[in-house]
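This report goes through selected local features of one protein model. Please keep the sequence and the coordinates at hand while reading.

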Amino acid sequence: MADDNTGNTRHEAEVVVIGAGLCGVAAVIALRRAGIDDVVVLEKSARLGGTWRDNTYPGCGCDVPSLLYEYSFAPHAWSRGFAGQPEILDYLTTTAATHGADKAIRYDTEVRSIRWEPQAHRWNLHTTAGTYTARAVIVATGPWHQPRHPDIPGLGTFPGTAFHSARWNHEVDLAGRRIAVVGAGASTVQFLPEIQPEAAHLDVFQSTPQWVLPKPDYPFPPAVHRLLEHHPAARRALRGLHHWTQEAIGVPLRHPHLLRPLEALARLHLRTSVRDPALRRALAPRYRFGGRRLITSSTYYTALTRPNVRLHPTRVAAVEGSEVIGADGTRTRADIIILATGYHIGGIPLAPHLHGTGGTLAETWADNRRAYLGTSVSGYPNLFLLLGPNLLTGTTAVPTVLEAQLRYITTALTHLRASGAAALDVRPEAEAAHQQALHAALRTTVYNSADQASYYFGLPGVNTFCWPWSTARLVKRLEAFDPDVYTWTLPLPAQPGAERDGLPTCPSDRLQ
């Protein structure tokens, strides 16, 4: 640590990780296991946890089986088949403390800008707690980070209380109140059954119906806990069953002609849960199963049939006083408005302030978000993205993707150390070839079949979220680090009489 000539505190590290959620915690542990100990995590909040810290709405939980939503190196005795938010947050906190990752986190430190210094071959990060310099940066802010606030005329003058579901206002008493819910996606599916019993009336505005499968959630009884704890083979078998079930669902998503059994199951779930034909018609999707995020719930449809709940199959057009107005002209009075309108998926808040060799990441991604294997972006040396573009599917558990990426990144950084090079930068032709193959494969999947309002799509209508192949292929590609797809920059020789940190003047060589 030192002070620069402006009086700001300067910190140095080999690797800086931005974000201390599921990704950031895993990154510290993986780097240290690879022998890279000089790691700092910058976290803008006062606590770790990421999306599991921020999302505290009633019923918030994981939509993949608990046994798949854990680090492979930190198995956990989950209380139920699909863990809730408090248990996941506790798991992350405990795992970080157990592995010493929490000691690397600098809380209340928001990154304001990042700039690559080509002569020093370092990243400069300007934060609210001084300047950090690092050889490499890992962006671990995650795709579920920025809540999306809709532009609804009149919302700002609503006399009641309005808040986003991702930033739930627990000080508001919902009992006996009239509540308007804007949006009917994954968050609404989880919180609606929880708040329905206490609300006087609930109006749910749905612009697009969702495919909903029943959720096989259940608490693990003590006998199951004992079995899984004392018989690792049984735990591996149950985890394997969950994994291959998820993979089996993923096959028809890549080959839509096989979708009919899943669509039939979802329609049966709707038909047996909702007796009212008009309500069933409003809840029936008009796009193929898997064209949007897959949703599971065994309680959502039932909640919609309760006498105090009304579904409006329309978007919200405006708010006038205490009235919420649908695009179909319907009006309903509300005391509370809950915006369940999702996130800016895939966007990196720092993109306009992340400067590479030829501009900012926002400028680089002006036409669409892209990265080689969702990890490296050409023009941003020694920078890696976790859960970057086109890495996730409708069924793959995030920790599986995350750990495969971290094996790739730690291999890259180990190569960087061993080679004596100062920087690696993915070749633009390698990035372009990957993008061409990826988007050609996506064209035949169900992921590209729905309307482009889905968060799968960036601008201008390019799917920037989904991986079009199997999880096994994803893991295999990330395990096969290829140094030849990168340009390796040699360090510049020190000039006679120059300070150690001075800027050299001779051109750098390139390892081809």
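Is Thr-95 buried or exposed? The model is a predicted one, and in it Thr-95 has a relative accessible area of 5%, so this residue is buried.

## Thr-95 and helix H3

Thr-95 is part of helix H3. Apart from neighbours within four places in sequence, the residues in contact with Thr-95 are Ile-29, Tyr-71, Phe-73 and Ala-74. Thr-95 is one of several buried residues in H3; the others listed are Gln-85, Glu-87, Ile-88, Leu-89, Tyr-91, Leu-92 and Ala-96. The cover over the buried residues of H3 includes helix H1 (22-33) and helix H2 (51-54).

The length of H3 can be checked against its residue count. Just after H3 comes Gly-100, with a positive phi of about 75 degrees.

## Cysteines

How many disulfides are found in the whole structure? The search returns zero. A disulfide is a covalent bond that joins the sulfur atoms of two cysteines. For Cys-60, the closest cysteine sulfur belongs to Cys-62 and lies 9.3 Å away, which is too far for a bond. The cut-off for a disulfide is a sulfur pair within 2.5 Å. Cys-62 is likewise in no disulfide, its nearest cysteine sulfur being that of Cys-60 at 9.3 Å.

Helix H5 (residues 222-230) packs on helix H6 (residues 232-254) with an angle of about 105 degrees and an axis separation of 5 Å. Because angles of 65 to 115 degrees count as roughly perpendicular, H5 is roughly perpendicular to H6. On the H5 side the contact is made by Leu-227, Leu-228 and His-230, and on the H6 side by Pro-232, Ala-234, Arg-235 and Leu-238.

## The sheet S14-S15-S16

Which strands stand at the edges of this sheet? The sheet is open and has three strands in the order S14-S15-S16, with antiparallel pairing. Strand S14 (316-320) and strand S16 (331-333) are the edge strands; each has a single partner strand, so one side of each has no neighbour in the sheet. From one strand to the next, the twist averages 25 degrees.

S14 pairs with strand S15 (residues 323-326) in the antiparallel sense, over four bridges.

## Arg-310

Arg-310 belongs to strand S13 (residues 309-312). With a relative accessible area of 43%, Arg-310 is partly exposed, since that class lies between the 20% limit for buried and the 50% limit for exposed.

Which residues does Arg-310 touch, not counting those up to four places away in sequence? They are His-201, Leu-202, Asp-203, Val-204 and Thr-330. Arg-310 and His-201 are 109 residues apart along the chain, and their C-alpha atoms are separated by 8.0 Å.

Key
Residues numbered from 1 in each chain as written. Predicted model: local features only at pLDDT ≥ 70, side-chain atom pairs only at ≥ 80, totals over all residues. Heavy atoms only, no water. Buried < 20%, exposed > 50% of the residue type's maximum accessible area, 1.4 Å probe, protein only. Helix = DSSP H or I, 4+ residues; strand = E, 2+ residues; numbered from the N terminus. Contact = heavy atoms within 4.5 Å. Pairing = 2+ DSSP bridges. Axes fitted to C-alpha atoms, helices over the stretch in contact; angles between N-to-C directions. Parallel < 35°, antiparallel > 145°, perpendicular 65-115°, else oblique.
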